[in-house]
Amino acid sequence: NGLKRPQNGRTELEVPAGSPDQVRAAAARDALAAALQSRIAARRAGVFGPVPSAGGDGGALWLADALARNVDSRAVARLRAEAPRLPSAYVFQETSFPPPATYLLLRGQAASPGQEVAPGLPAVLSATPVAFPAQGERSSLRRLTLARWLARPDHPLTARVIVNRVWQHHFGEGLVRTPGDFGTMGELPTHPELLDWLAGWFVRHDWSIKALHRLILTSQTYRMSTRGNPAHAADDPENRLLWRSRYRRLDAEAIRDAMLAVSGRLNRRLYGPSMYPAIPREALEGHSDPDKAWKPSAEPEASRRSVYAFVKRSLPVPMLEVLDFCDTARPASKRNITTVAPQALTLLNSDFVNHQARYFADRLEREAGNGLVSQIERAFLLALARPPNDGERAATLRFLEESSARIAREQGVTASSAQRVALEQFCRAILNTNEFVYPD
């Protein structure tokens, strides 16, 4: 209670993001720069009229004014160079001191306040009451007190929840398989001692997510292969003891990004505003308000990583949605994992995949020349990070030769055109292999 959004009427505003001292310094600098700019603008408006002829008092006054204006311009430039503008942020702010009182609402009615409620924490989460201090000079300190309580080294949950989420990201399942529920209704950890040790290690290493990733990725557990073991499978069919690596499909975004990377079209530009991916016409026709859909970005911009894709809750990108993109309508601690026919149909027939197959074929011709064997070798290295074995090489070569001959015969095109169509079909096929979307 007491938090306000920065607004001007119905317009949402951003505020400088920095410490109070930085904000005050930035405000003073902006005020000084504005005053100098006003002086420059006034002089440019013609305080002394047009440029006079040489000589006379008018010329001396004009020259003195021009020199002063030049000094002001340099001062503005120096101000901006010495004190860069702070980044802006859209954040809640406390605007009234002391903050307004909070009351228990009788029967939930705002017009029926009951007893006053003081800041506190749910008793189930804190064995001992947390003392909320009196308000500070610029803040009630309520949020700061809560943040310090959450991030204190001996907190029983925070480090364990974070460690469990990172573990889940790398292994598909957390040590606690209900990542959003560490309470009595959630599952017990499969490895409680490991969870405790990782949480303690994480805190001792300054809560470094990067260090935690490195620790997990260099562990023997992470480096296990997906190969089966009949004896272990009989004892632990659900692989709760992590005797092998789980067979996992890439996330929807990673599949899209991998196709762009293999085709050579991935735009690696970082940061900046969202890009707008193309939405198939069929999906727009089924939307309640297709005219309100966004205009897709130009293809080079739309080929950026999927993390930059604009997300509209009522209009998810169909390819990402069918591949179990996160539910955009509600928080989710874990994505659904499904294997359904529309996934295979999308990866085989969507416009995006067909476009990437054509670009992939362009890349093979550019980097491997026109030799079929060299194109096959290059395709396997780019898409699967390995050379083909003898059987794969022979089967692919036979497919390209037979398909080229059939296409030339049925469509009446030249041999080179038929070979190109067959190459695109091969590129689309290799992007649809299990090995491409289910890395070992």
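**Cores, a helix pair and aromatic rings**

Trp 167, Phe 171 and Tyr 222 form a cluster linked by ring pairs. Keep in mind that this is a predicted model.

Staying with aromatics, the count comes to eight aromatic pairs. Take Tyr 276 and Trp 294: their ring centres are 6.1 Å apart and the planes are at 50 degrees, so this pair is tilted. The two residues are 18 apart and link distant parts of the chain, with Tyr 276 in the loop between helix 8 and helix 9 and Trp 294 in the loop between helix 9 and helix 10. Tyr 276 is partly exposed, at 29% relative accessible area, whereas Trp 294 is buried, at 14%.

Now the cores. The largest nonpolar core has 40 residues, and those with the most contacts inside it are Met 259, Leu 347, Phe 360, Ile 430 and Phe 436. Elements giving two or more residues to this core include helix 8, helix 13 and helix 16. Helix 16 gives the largest share, seven residues. There is also a second, separate core of 16 residues, with Val 163, Val 166, Val 176 and Leu 242 among them.

What does Phe 360 touch, leaving out residues up to four places away in sequence? Its contacts are Val 262, Ser 263, Ala 379, Leu 382, Ala 383, Cys 427, Ile 430 and Leu 431.

Last, the helix pair. Helix 13 and helix 16 pack at about 115 degrees, with axes 8 Å apart, and the crossing is right-handed. From helix 13, the residues in this contact include Val 353, Phe 360 and Leu 364; from helix 16, they include Leu 423, Cys 427 and Ile 430. By class, the contact has nine nonpolar, two polar and six charged residues.

Methods. Residues are numbered from 1 along each chain as its sequence is written. This is a predicted model: local features need pLDDT of at least 70, side-chain atom pairs count only at pLDDT 80 or more; totals for chains, interfaces and linings use all residues. Side-chain values use heavy atoms; hydrogens and water are left out. A nonpolar core is a set of buried Ala, Val, Leu, Ile, Met, Phe, Trp, Tyr and Cys residues joined through side-chain atoms within 4.5 Å. Buried means under 20% relative accessible area, exposed over 50%, partly exposed in between (1.4 Å probe, protein chains only). Helices (H or I, at least four residues) and strands (E, at least two) are DSSP runs, numbered from the N terminus. Contact means heavy atoms within 4.5 Å. Axes are lines fitted to C-alpha atoms, for helices over the stretch in contact, and angles run from 0 to 180 degrees between N-to-C directions. A crossing is left-handed if the near helix is turned anticlockwise from the far one by less than a right angle, and right-handed if clockwise. Ala, Val, Leu, Ile, Met, Phe, Trp, Tyr, Cys and Pro count as nonpolar, Asp, Glu, Lys and Arg as charged, and the others, Gly among them, as polar. Rings of Phe, Tyr and Trp (its six-membered ring) pair if their centres lie within 6.5 Å; planes under 30 degrees apart count as stacked, over 60 as edge-to-face and the rest as tilted.
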